[in-house]
Amino acid sequence: MQIAIIGAGVSGLLSAFELIQHGCSVTIFDQQHAGKAASWAGGGILSPMYPWRYPAAVNQLAQYGKALYEEYNAQLYPITQIDFQIQHTGMLIFDPEDFAIGQSYAQRHQEPMQYAELLQGQDLHQLNPRVSEQFQQALYFPHLSNVRNPRLLQSLIAYLKQQPQITFVENCAIQKLQIQNQKVTAIHTENGEKFVADQVVLATGAWSQAWAEPLNLSIPVKPIHGQMALFKTPENWLPTMCMNKVMYLIPRRDGHIVCGSSMNDFGFDNTPKAHIQQNIVDAVFEMVPELAQFPLVDQWAGLRPSSPDGVPYIGQMPEVDNLWANFGHFRNGLCMGPASARLLRQLMLQQSTLVDPAAYSPQRLIQNALA
Ligand SMILES: Cc1cc2nc3c(=O)[nH]c(=O)nc-3n(C[C@H](O)[C@H](O)[C@H](O)COP(=O)(O)OP(=O)(O)OC[C@H]3O[C@@H](n4cnc5c(N)ncnc54)[C@H](O)[C@@H]3O)c2cc1C
């Protein structure tokens, strides 16, 4: 089966990875270089932040992220020599209003990744001596990890480019779907070229609303700007991820610390803003004051593909038999990525699914259009 995937972020690349392992050939298109949009810009935390604030459908897919990335890293590393560094740092959350709810979530759900304990005073500062003395309590999630997402993308792209069943078409925007008798019969590029495939997957992230008008649907996915600041400290300087009021620090193995983030609707403008950088820096210095000694070496912003409740659209698009969705992952597309791609592949190839697909069904796009 010949499949066209539009969008080479984590959603499109992992979909391609899943599909070629099950006998499909894939052409993957991106309007820019592969793996340079939200999936590159994100932090790579392998769990929704404050999972109790999300629908069960988000946490259900996110649970698979860490284990599947470990499997993929083991499979890809010998071929690509790129380690995507899954860091088992655990996370400290300092928001007191989340302590009780976080613990009761952990007890009710028994998801190993969400096991949490409340740390006090000395225990807290022994675990992470960089934390400000103003914090004397934190909820500790020892099993939370992060993936170095730019390397994950590099590794996936390097691996996929070596596979004969895959063709990459980069710097090429798909402008039009040609539809006849409820089937996509061709896709057209902005340069007027035409490609034909048996099945077409939309993995177009924050740009997915562009398909609403031609498909006569309401696609409530829009770009939400999220900014990051990068510090460089010595290796192993910060032992855990830290989070307070939705601002976080993510230590990488080589001492880089990714700090974020923000949420703003600036349309498709993805330039970093000075006032947002200041907010991030203030928030992370409050958690870890000694970070101020180290250089801020980079900053950037990316466009999250927001969806109303953060539940992505995965499955067959309404009214078009060979058109599929894997978009709308909002704040959690990296942790939901592996399970989202697996679910998509299982639905496309009519295999049994790892989770009940109903919650992710793109049929919701019709309900939106009628509402
Ligand atoms: C600051 C920030 C922090 C984040 N932190 C985390 C985190 O810690 N953990 C987590 O799980 N998630 C995180 N996320 C969210 C996560 O990055 C996204 O949910 C995820 O990357 C979405 O992946 P995607 O492949 O759907 O979209 P993208 O990576 O944006 O890829 C979509 C691709 O489609 C291409 N495209 C669009 N339209 C067309 C077209 N017409 N033709 C051709 N190509 C097209 C684009 O060029 C793009 O490359 C964060 C995001 C940001 C911005």
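**Group meeting: a walk through the predicted chain**

Hi everyone, let's start with charge: the chain carries 22 positive and 29 negative side chains, and the centres of the two sets are 3 Å apart. Here Lys and Arg count as positive and Asp and Glu as negative, with His and the chain ends not counted; each charge is placed at NZ of Lys, CZ of Arg, CG of Asp or CD of Glu.

A word on where this comes from. This is a predicted model, in which local features need pLDDT of at least 70 and side-chain atom pairs count only at pLDDT 80 or more, while totals for chains, interfaces and linings use all residues. Residues are numbered from 1 along each chain as its sequence is written, and side-chain values use heavy atoms, leaving out hydrogens and water.

Now the overall build. The chain has eleven helices and 17 strands, taken as DSSP runs numbered from the N terminus (helices H or I, at least four residues; strands E, at least two). Its C-alpha trace spans about 65 × 40 × 40 Å along the principal axes. Of the 371 residues, 59% are buried, where buried means under 20% relative accessible area, exposed over 50%, and partly exposed in between (1.4 Å probe, protein chains only). Among contacts with a separation of 6 or more, 73% join residues 24 or more positions apart; a contact means heavy atoms within 4.5 Å.

Q120 sits in strand β4 (residues 117-120) and is partly exposed, at 42% relative accessible area. Leaving aside residues up to four places away in sequence, Q120 touches Q136 and Q137.

Over in the loop between β14 (256-260) and α9 (274-287) you'll find S261. A cis peptide bond links G260 to S261, with omega about -10 degrees.

Finally, two residues with positive phi. N181, not a glycine, has phi of about 50 degrees; it lies in the loop between β7 (174-180) and β8 (183-189) and is exposed at 76%. Q350 has phi near 55 degrees, lies between α10 and α11 (364-370) in a loop, and counts as exposed at 75% relative accessibility.
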